[in-house]
Amino acid sequence: MKIIVNPLELKKYLKENNKTIGFVPTMGALHDGHITLIKEARKANQLVVVSIFVNPTQFLKGEDLDKYPKKDEADKQICEMSGVDVLFFPNANNIYTEDEVSLVAPSIRGYVLEGNSRPGHFNGVLTVVMKLLNIVTPTNAYFGKKDAQQLNLIKLMVKQLFMSVNIIAIDTVRDSDGLAMSSRNIYLSKNERAEALKISSSLYEASKLISNSILKVETIKDGMKKILNPLEIEYIEILNREFEYLDSVEIGNTIILVEAKVGKTRLLDNIWL
Ligand code: AMP
């Protein structure tokens, strides 16, 4: 596996190789969710590129940028063992300069849900994803459905800016008890981790209600709130795949999203129905 820090060096290397490229952008502290994305990329492309970059512009002031988990050596080994060809491992100075051109997320979709809890977060996400896609120029880029709003906005960016990459969405990988895997799960104490299970349980409750033909959004949200109690709920939303609000669940076209705080840790989860 080749490790490259410099974007121009990576561009040169990839151009010389002239192969189909599968790209998995990450912020490191890799877990089975990331590995699943890498394996999907391995299946469908000649060359697999993974990036590890904790992107400062998507963190708001006071968020966990400085504390974000770092596991550089373990991450390198995971990439090596998962069949990654090139690990792109830039520093902030390789990606950003002082006074920058940047992207702005759309005013509605970018500022609801996660974008409402973290105003400006998606400007940073879109800017860095655009930079990374321009550096790597992949055939296929792999993103997790766990970050459903991020995935939706990246697909929108690719469509609206007439980019030629295929965005491939991968199902959420969970621990055996149902907790969606996340690099931030290591912030949780033992008790908090047990409490965090209420998030996936609330989504299972929603799917149970729906399979009993209860489709009214408000009724489903009430059922979920009971399970989530006493966690601090940032939002529960039931939307269609275009991220538009629904009164009633449309089977085959619905995403149920939850963000809740467990101690100081904000956790996201969702199911696609
Ligand atoms: P991150 O390192 O958290 O920025 O995530 C990098 C990529 O992995 C994103 O596309 C995430 O949506 C995806 N991802 C994170 N957690 C999971 C998971 N549990 N299952 C599937 N994909 C995930």
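Modeller: Quick ground rule before we start: contact means heavy atoms within 4.5 Å. This is a predicted model, where local features need pLDDT of at least 70 and side-chain atom pairs count only at pLDDT 80 or more, while totals for chains, interfaces and linings use all residues. Residues are numbered from 1 along each chain as its sequence is written, and side-chain values use heavy atoms, with hydrogens and water left out.

Biologist: Okay, what is arginine 184 in contact with, leaving aside neighbours within four places in sequence?

Modeller: Phe59, Asp64, Tyr68, Arg118, Thr265 and Arg266.

Biologist: And where does arginine 184 sit?

Modeller: In the loop between strand S6 (166-170) and helix H8 (190-211). Helices (H or I, at least four residues) and strands (E, at least two) are DSSP runs, numbered from the N terminus.

Biologist: Why does arginine 184 count as buried?

Modeller: Because its relative accessibility is 19%, and buried means under 20% relative accessible area, exposed over 50%, partly exposed in between (1.4 Å probe, protein chains only).

Biologist: Switching to the ligand: how many residues surround it?

Modeller: 15, and the closest are Met27, His34, Asp147, Val173 and Met181. A residue is near a molecule if one of its heavy atoms lies within 4 Å of it.

Biologist: Which atom of histidine 34 lies 2.9 Å from a ligand oxygen?

Modeller: A polar side-chain atom. With methionine 27, a polar backbone atom is 2.9 Å from an oxygen atom of the ligand. Valine 173 has a polar backbone atom 2.9 Å from a nitrogen atom of the ligand.

Biologist: How much of the ligand does the protein bury?

Modeller: 92% of the 490 Å² that the ligand exposes when taken alone. Those areas are Shrake-Rupley values with a 1.4 Å probe.

Biologist: Which elements give two or more residues to the shell?

Modeller: Strand S2 (21-26), helix H2 (32-44) and strand S5 (140-144). H2 gives the most, with 3 residues.

Biologist: New topic, helix H6 (121-136): how far does it reach?

Modeller: 23 Å from first C-alpha to last over 16 residues, close to the expected 22 Å. The expected span is 1.5 Å times one less than the number of residues. H6 is mostly covered too, with 14 of its 16 residues buried.

Biologist: What follows H6?

Modeller: Threonine 137, with a positive phi near 40 degrees.

Biologist: Last one: where is isoleucine 214?

Modeller: In the loop between H8 and helix H9 (217-228). Isoleucine 214 is partly exposed, at 31% relative accessible area. Its C-alpha is separated by 8.6 Å from that of valine 249, 35 residues apart along the chain.

Definitions and conventions. Polar contact = N/O pair within 3.5 Å; in protein donor to acceptor, adjacent residues only side chain to side chain.
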